[in-house]
Amino acid sequence: MKIKIRKQLRHYLLMKLLLLAGLFAIISCKDEYLYDNSEPEWLGASIYDYLKANENYTYYTKLIDDLQESDKYRDVLAKTGSKTLFVADDDAFERFFQNNPWNVSSYEGLSLTQKRLIIKFSMIDNAYLIETLSNYYNGELQEGSALRRSTSVSVLDSIPHLSGDKLPDGPFWNSHKNKGMYLLKDATSWPMVHFLEGSLKSARIDNADFSLITGVERSPNDAHIFSVKVKERDITCKNGYIHVLEDVLLPPVNLAEYLDQNPDSRIFSDLLDRFSAPYYNASQTNAYNQVNPEQPIDSIFEKIYYSAWDGRVRYPDGRLIGSDLLLPFNPGRNEYVSSAAGSSMQSDMAAIIAPTNEAMTDYFENGAGVILKNRFGSWEDTPDYIIMKLLNRHLRESFLESVPGRFDKLVDNNNSPIPISPGDISSSYVGLNGVVYNTNKVYPPDDYISVYAPVLLSEDTKVFNWAVNENEFDLYLNALKSTYTFFVPTDEYFENYLDPIAYAKDVKGVMKYWYNEETSEVNATVYTYDPLTGEVGDSVNTIDNYNFIRNRLLDMLDTHIVIGDVESGAKYYFTKNGNILLVNGTGADLKVQAGFDIESGTSINVVEDGVYRQENGTTFFIDKPLQAPLQSVYGVLSKTPEFSEFFNLLNGFPATSAIFLRQTNYYGLDFNVSLFNTFNYTVYVPTNEAILQAINDGLIMNWEQIDAIQDSGEKAAEIEKLERFLRYHFQDNSIFVDGETFYKLYQTATIKNDDAVTQFGTYKDKYYRLGINSDGQNITLNTENYGTANLIREDGLYNIMTRDYIFSNSPQSYREIDGTGTGSNFENSTIITSSTAVIHQIDNVLRFE
């Protein structure tokens with residue numbers, strides 16, 4: 001403890017002396033100062049004099065001497081100043097000359113640039129004890145949080161000229177292939193990464209993490225610059241501190257440059273480089289030419305990656321880059337600052353999970369990536385927007401959040417877990433701006449393995465892919481904890497779709513949706529349509545209204561998604577928006593129908609090779625869009641003679657209590673059931689004979705009898721009685737005759753308003769219930785008053801699917817809107833929501849009294 005306090009005191013006094021020396025030089029040339037003619041004994045020599053006086057630093061002092069003429073470093077390190085220097089002794093240099101990445105075997109083999117990099121990268125402008133290196137100031141003192149600090153390296157110290165074969169492939173690189181170019185890999189400073197006791201504890205990086213990150217072992221209180229251990233620290237000189245390293249410190253490269261140089265990450269690096277370009281850097285060109293007027297360079301370019309964070313959002317030609325082609329950050333920026341760190345470079349850096357070439361090849365050839373191979377043939381031919389999804393999964397904006405000890409909490413930007421484990425790491429690299437984990441596995445995005453993947457990767461599903469993206473359904477379909485069935489009409493079959501709003505008009509039309517390659521949008525061509533013959537005529541209009549297309553395809557998407565497995569053995573399945581699908585068969589032999597398809601006798605089939613078993617369900621490519629019901633409850637009841645008596649009772653209510661209504665500002669196919677609320681229902685329709693018998697028995701009155709009542713109170717009571725009677729025939733949840741055996745209680749639309757005891761023990765102010773008993777072929781209904789009714793199958797008036805829509809439209813022009821889309825009102829129409837219901841005829845009325 002005394003030694004630590006003494007060091008801190010010396011550091012404090014040293015900084016005071018350095019500051020005071022400068023201050024007195026400015027304000028006083030004559031007044032005597034305590035240390036004008038003498039220095040404290042503990043202060044020692046200057047950094048240069050200390051190294052010169054010790055026989056084991058001859059190589060390092062020779063570096064300083066050799067750079068005196070060009071950089072004046074002997075003057076800097078021999079006189080007053082404030083520097084921190086990380087030096088290597090002669091033994092370290094001897095080992096360096098035996099084996100190093102520069103392939104230099106002797107001091108004489110070092111170039112001036114290499115000498116300059118060794119000196120400048122080991123120097124920090126300010127005096128730091130090892131333990132204070134982990135502190136930094138960001139508005140206020142941040143103790144123990146610093147991982148990086150800027151060195152003295154200038155970007156102008158090393159500007160290589162790259163030949164064309166060393167440049168990436170790409171439209172903005174190819175024009176430089178013949179002559180090559182002077183290229184900065186980045187124009188920001190070169191930071192030093194230090195792993196110190198305080199910062200490691202602050203970041204909760206234990207020794208096991210450190211070993212995986214750096215490839216070396218550490219003991220308590222060790223200090224490392226990158227992976228090089230500090231073997232002697234805090235040598236106090238009058239102009240700063242010296243820290244002695246075990247090995248010569250060479251400047252590493254940034255993450256992007258490392259991946260480019262590492263032969264084992266060639267595939268991943270090539271994919272990453274697709275999203276980079278050379279940008280002319282006028283300021284660095286001018287600065288270099290001012291310093292080197294005898295050897296001017298015409299143009300210095302900078303390699304910059306496409307990213308809204310520290311990168312570029314426009315191509316070199318000025319065109320805006322699509323947001324789906326932007327990386328989460330620029331992996332080539334030396335001074336990378338994570339968004340979580342604010343403006344402080346010191347506290348965090350980036351990380352990249354980089355699968356090796358072997359891992360990338362194995363994934364593509366044998367793993368889940370075979371779907372990519374089958375679609376595109378090679379990594380090189382896989383489109384940029386597909387590759388970007390993979391890269392975004394592997395580029396980590398925060399190193400601190402990506403430490404091996406926290407791999408179990410690692411998620412991507414969509415909050416989906418990344419299943420990496422420490423055992424997956426084959427090697428690591430600490431660069432200027434973060435850490436690369438070379439892994440023996442690929443961690444594909446959910447887009448590659450979910451039910452959405454076949455749509456994303458297919459050339460034949462551009463319409464639905466556009467719909468998924470524009471309605472942000474990719475996150476929904478990528479949820480791997482859910483199970484989905486996704487029916488996808490391929491583009492060639494995307495025609496003759498009956499738009500619900502167009503179908504509701506006096507003049508009707510059908511749609512063909514198609515992907516516009518020039519605009520990268522979906523359009524709809526409208527054709528005339530005769531509903532009586534089903535004949536489709538000539539095209540009369542093309543709609544490119546974004547909101548119209550997006551709204552219609554959203555409704556369509558909802559009808560093509562089933563939560564669950566449609567090959568479970570049942571026949572009827574609910575879609576995401578409450579529509580019902582009838583499914584027969586499995587796999588490639590599966591056939592599916594929605595409500596209108598059943599009504600029109602249209603069978604929809606799976607296309608050849610159209611079954612995709614994915615991580616969270618199955619995707620089926622089908623030969624026609626599913627057509628949801630285009631008939632309402634009102635429409636079915638009003639047009640079916642066998643339902644006429646029940647319909648007449650429902651349709652006779654005054655406006656104040658109407659069961660069928662058309663809202664003031666919203667319209668449907670015709671009239672909607674007022675009892676419905678964006679859910680699925682069952683409507684039980686007694687036969688005409690059963691209704692007439694109930695009237696004859698005095699259980700209810702018809703409207704002729706009710707209208708004849710003179711007393712208003714008595715009349716209102718009969719209307720309420722009839723309404724409650726009818727409501728008991730409307731049930732929450734749709735049920736079908738589909739071979740399933742069950743017995744279950746369901747709520748109706750009638751509220752119990754007394755304490756009378758009923759069969760199902762329903763409490764007052766709760767909805768009366770029905771007991772539904774199905775043997776798979778027949779359904780029996782049990783009522784609250786112990787009555788029964790049976791579903792009638794002989795006439796086929798069961799399992800009738802309906803849909804009550806709510807459309808937003810102008811009430812003044814509702815019927816006048818041309819369903820072929822030639823009027824602007826049609827293009828501005830919107831499907832707001834809907835309710836679905838199935839209708840069954842039964843042989844008796846349902847009663848609760």
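Predicted model: local features only at pLDDT ≥ 70, side-chain atom pairs only at ≥ 80, totals over all residues.
Me: Why is N330 called buried?
Reply: N330 has a relative accessible area of 2%. Buried means under 20%, so N330 counts as buried.

Me: Where is N330 placed?
Reply: N330 is in the loop between β13 (300-305) and β14 (350-355).

Me: What makes the approach of the N330 side chain to the backbone oxygen of D310 a polar contact?
Reply: The distance is 2.9 Å. The cut-off for such N or O pairs is within 3.5 Å, so this pair falls inside the limit. A polar atom of the N330 side chain also lies 2.9 Å from the backbone nitrogen of G332.

Me: Which residues is N330 in contact with, leaving aside neighbours within four places in sequence?
Reply: They are I304, Y305, S307, W309, D310 and G311.

Me: Which residues meet where α3 and α6 are in contact?
Reply: T58, Y59, Y60 and L63 in α3 meet D90, F93, E94 and F97 in α6. They divide into five nonpolar, one polar and two charged.

Me: How many residues does the largest nonpolar core have?
Reply: That core has 89 residues. L372, F486, Y513 and L553 have the most contacts inside it. A second, separate core has 41 residues, including I124 and M349.

Conventions
Residues numbered from 1 in each chain as written. Heavy atoms only, no water. Helix = DSSP H or I, 4+ residues; strand = E, 2+ residues; numbered from the N terminus. Buried < 20%, exposed > 50% of the residue type's maximum accessible area, 1.4 Å probe, protein only. Polar contact = N/O pair within 3.5 Å; in protein donor to acceptor, adjacent residues only side chain to side chain. Contact = heavy atoms within 4.5 Å. Nonpolar A, V, L, I, M, F, W, Y, C, P; charged D, E, K, R; others polar. Core = buried A, V, L, I, M, F, W, Y, C linked by side-chain atoms within 4.5 Å.
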